[in-house]
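Good morning, everyone, and thank you for making time for this. Please have the sequence and the model open while I talk.

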Amino acid sequence: MGKQNKANSVIQIFRPYLGIFSVAFVIIVLANGLNLALPRLIGYYIDAFQNNQELLKGQDYWLLALLVVGLFVLATLQTVITVFLSERIARDLRSKMITKISKSSFSLVNNLGVSELITTFSSDVKNVKSIASQGMVYFLTAVLLLIGSCVMLLITNWYLALIAISILPIVIVLFVFIFSKISPLFSESQLNLSKINQVVNESIFGSSLVRILNSQSWEEKKFAKVNQTAKDISIKVVTLFSLLIPSINLVSNLAVVVILFVGGRQIVDSSLTLGGFASFITYYNLLITPIFILGFTSQGFSRGFVSYARIEKILDSPDEKLYGNYQAQVKGVIEVKDVNLEMGGVQVLKGVSFKIQPGTRTAILGPTGAGKSQLFNLMIGLSDPTSGQILVDDVVLNNWDKENLLSQLGLVFQDSLVFRGSLKENIVFSNLVSEENLNNAIYTSKLDEFVTSLESGLETQVSERGATLSGGQKQRLMLARSLAQQPKILLLDDFTARVDNQTEQEIWDRLKYNFPEITLVSITQKIEAVKDFEQIIVLMQGELVGVGTHQSLLESNREYQQIYSSQQTIEN
């Protein structure tokens, strides 16, 4: 990251908090002013003692007390304000990112990956927060002390000051060289942290499969690889720092030897007082201290800049394509017009066209890899076709007011999305759901017997990702969630994959009876349960190869005949 980009990052981070930062800056200036006054005061008292003058008068007690209390108050205020500022920054960054993700396209979030997003929300935000809570305070303190101590050194003894200040160019060259090597390692470290999170995430959620396949050693090797990489990167960083600190110590100690020799001779020939020399040495220490502070804060800044770049990657990503403002009661007509979809250079859907009438049941059928789920994502607006149109009630999907349209769609995905909380909380996502609609949704989804069997009923707590529920229970829970909203259109993506045939048929029968006017679209691979649907659409390798009823397709469509025949063979 270049100097200009780093400066821009600092400006972007602190711009919304200019008022709070200004107060913190004033406090830092005052605190450092008092710190710079102390060596001068010490030198004065040493010279007074040497000249047998009265050391402490009444005003001296008050001055010392004021300095001590002032430093205490300013240090306390500085800590409180910087912590407050850093927590505000962390909170706002997380809020901005979650808002951005909610507005981003499905494909963008999918490409970023869960592990990278988790790393950004946790580690990257923490690194940026440290810039405000410690980095910026220490940086400003170091800069002010560096400038102030240089000025005070020149005022105290300009000849010795030139010797002391001469080490700064050497130290700056050392810093620039070392940190040019360290900064890329921080980027590498954050990327590797995402990989660690990914491996841990997969190992935890796939632990049952890992044990069944007896592949623990393979998973351990995967983790050992990324863990070793983290160790190697950290060792490289520590090695570079181990070169930096001793080098600065060597240069500063050599300067001290020269200062002691020259300063000692000046004291002997009375061109420098003992108190003045003590003040000079104290200011010299103040000159060296900020150099070390800048070294350590530079490490934090480097991490913070890398992390902020990753956060900016999310915040600067394009928002989801804006929908229109058309609002109406959905009737249920769905039309797919010559839709093509290309993903990663592969043609996933090729000229697909069909129409679904309101109040009818349509099955979209095909083998794995036929493009069914991609078509499902297009029909609900999670992604856009490369060409062609999808219309609802003769209005192009993107012209609808998104909130208005989605409030009238029921969506059940292939992957069950279950949240930690009660069964009722997982079904009811709106205060508008009545008790009657809730009970009807539970019954239609064939969850009623399961809920009744539980001691706490709908208040039964569900663990994270629904680990305490079976696959079929989770899918029926998702169906109940959609039906509780009384949708006009119900889109199902292979939601009965984990329920037995008898349960599936009962669900279809209850849907037909309790929701007779709903437009139902089911993505499926199984023919038996959808034989009585008004329309079956057959997809093969992204192409539409047949549309009709079960009977008409069985009589005229060879691909459908082959699928039906293979399923009959398996069932028999």
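Predicted model: local features only at pLDDT ≥ 70, side-chain atom pairs only at ≥ 80, totals over all residues.

Residues are numbered from 1 along each chain as its sequence is written, and side-chain values use heavy atoms, with hydrogens and water left out.

The protein chain has 19 helices and 12 strands, where helices (H or I, at least four residues) and strands (E, at least two) are DSSP runs, numbered from the N terminus. Of its 572 residues, 45% count as buried, meaning under 20% relative accessible area with a 1.4 Å probe, protein chains only.

Now to the sheet, which is open and has six strands in the order 6-9-10-3-11-12, with mixed pairing; two strands pair if DSSP finds at least two bridges between them. Its edge strands are strand 6 (409-412) and strand 12 (543-548), each of which pairs on one side only. Strand 6 pairs with strand 9 (residues 489-493) in the parallel sense over four bridges, and there Leu409 stands opposite Ile489.

Which strands does the hairpin contain? The hairpin is made of strand 1 and strand 2, with two residues between the strands, and Gly344 takes a positive phi near 60° in it. Strand 1 (residues 334-343) and strand 2 (residues 346-356) run antiparallel and are joined by seven bridges, with Val336 standing opposite Phe354.

Definitions and conventions
Buried < 20%, exposed > 50% of the residue type's maximum accessible area, 1.4 Å probe, protein only.
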